[in-house]
Amino acid sequence: MKKKLAVIALAGMMAAGFTTGNVQAAEPGGELYVFIAASLANAMEEIQKDFNEKYPDVEIFYNADSSGTLQKQIEEGSRCDIFFSAATKQMDALVEEKLAKEDSVEDLLENKVVLIKLKDFETKVTGFENITEAENLALAGEDVPVGQYAREIFTNLGIMDQVENMEINEGKNVTEVLAAITQGSNEVGVVYATDAASVADQVEIIAEAPAEALETPVLYPVGLTEDQEASSAEQEAAEVFLEYLQTEEALTVFEEYGFSPYTEEKEESASEENIENTEEKAAE
């Protein structure tokens with residue numbers, strides 16, 4: 001699912017009184033169930049307030065957890081109108097299962113994977129390369145996107161076996177990993193840059209993931225899901241909210257929380273850089 005991000009203006013969009021033939025469009029309203037990756041929670045709370053100033057009749061209910069957990073809940077029949085994942089894997093699976101609407105999916109945001117420690121806490125660890133020098137590690141589970149990214153980094157650095165022999169506190173989502181560090185339960189942990197920024201007064205970033213060790217872009221796709229219980233007004237609300245998430249107004253909020261808007265141009269540039277790095281290694 002790699003579509004070029006298009007900033008969509010809301011002005012005049014599905015306004016009251018707009019008609020197609022003799023059928024009047026439903027006015028956005030009712031309950032909206034939005035499943036979001038845990039790392040999006042703070043930004044989405046602010047976006048909800050801004051959105052409700054324009055559409056006060058839409059009541060939004062967030063379900064924030066790891067993308068893998070949210071995927072399973074949708075597959076098991078939980079009511080959901082929009083899925084906002086922290087990785088393409090979970091979204092692609094739902095599209096394949098016809099539970100997410102493929103033509104609505106957009107790769108909206110990018111994030112970074114970072115290694116953190118508690119502020120003023122002493123550690124020998126200086127980066128991902130020597131993470132095994134830590135006494136213990138807070139790490140998200142294998143079905144959690146940030147946990148998958150971390151394992152890709154360790155594998156590409158050739159230290160996965162050593163990491164597996166460490167004392168690992170495995171969190172069910174990135175929020176639990178962050179809490180393990182802020183509470184002093186673990187020496188180091190792997191989270192998103194946006195999570196670290198949310199508690200910048202408590203944690204320090206030791207290092208960002210080496211570019212050559214994380215070839216998978218940290219993308220956040222968002223799209224409509226199949227909700228058979230939704231009324232026409234609620235279906236309209238889902239479409240309006242999805243489009244609102246792509247506006248300059250919403251993207252500005254995401255940027256304030258450390259995310260970057262995704263564009264295909266960035267991915268093409270990153271791909272070219274990876275090819276160059278591969279060629280350089282082959283020539284050595």
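A: Start with a definition: buried means under 20% relative accessible area, exposed means over 50%, and partly exposed is in between, using a 1.4 Å probe and protein chains only. The model is predicted: local features need pLDDT of at least 70, side-chain atom pairs count only at pLDDT 80 or more, and totals for chains, interfaces and linings use all residues. Residues are numbered from 1 along each chain as its sequence is written, and side-chain values use heavy atoms, with hydrogens and water left out.

Q: Thr 247, then: buried or exposed?

A: Thr 247 counts as buried, because its relative accessibility is 7%.

Q: Where is Thr 247 found?

A: In the loop between α8 (232-244) and α9 (248-256). Helices (H or I, at least four residues) and strands (E, at least two) are DSSP runs, numbered from the N terminus.

Q: What does the side chain of Thr 247 reach?

A: The backbone oxygen of Tyr 244, at 2.7 Å.

Q: OK, the largest nonpolar core. Which residues touch the most other members?

A: Met 44, Phe 84, Phe 241 and Phe 254, out of 74 residues in that core. α8 gives the most to this core, with six residues. A nonpolar core here is a set of buried Ala, Val, Leu, Ile, Met, Phe, Trp, Tyr and Cys residues joined through side-chain atoms within 4.5 Å.

Q: And what is Phe 241 in contact with?

A: Leaving aside neighbours within four places in sequence, Phe 241 is in contact (heavy atoms within 4.5 Å) with Leu 32, Val 34, Met 44, Ile 47, Phe 51, Ile 60, Tyr 62 and Ile 82. There is also a second, separate core of ten residues, including Cys 80, Phe 83, Met 91 and Ala 100.

Q: Switching to sheets. What is the order of the six strands?

A: β4-β3-β5-β12-β6-β13, in an open sheet with mixed pairing. Two strands pair if DSSP finds at least two bridges between them. At the edges are β4 (58-65) and β13 (260-261), each pairing on one side only.

Q: How many bridges join β6 to β12?

A: Four, between residues 106-110 of β6 and residues 219-224 of β12, and the two strands run antiparallel. Leu 109 stands opposite Tyr 220 in β12.

Q: What does helix α1 touch on that sheet?

A: Helix α1 (residues 41-54) touches β3 (30-37), β4 and β5 (82-84), and its direction makes about 175° with that of β4. Helix α2 (residues 67-75) also packs on β3, β4 and β5, at about 140° to the direction of β3. Axes are lines fitted to C-alpha atoms, for helices over the stretch in contact, and angles run from 0 to 180 degrees between N-to-C directions.

Q: Why is β10 largely enclosed?

A: Because five of the five residues of β10 are buried. Strand β7 (residues 113-118) pairs antiparallel with β10 (residues 188-192) over four bridges, and Val 114 has Val 191 as its bridge partner. β8 and β10 run parallel, joined by two bridges; there Leu 137 is partnered by Val 188.

Conventions:
Polar contact = N/O pair within 3.5 Å; in protein donor to acceptor, adjacent residues only side chain to side chain.
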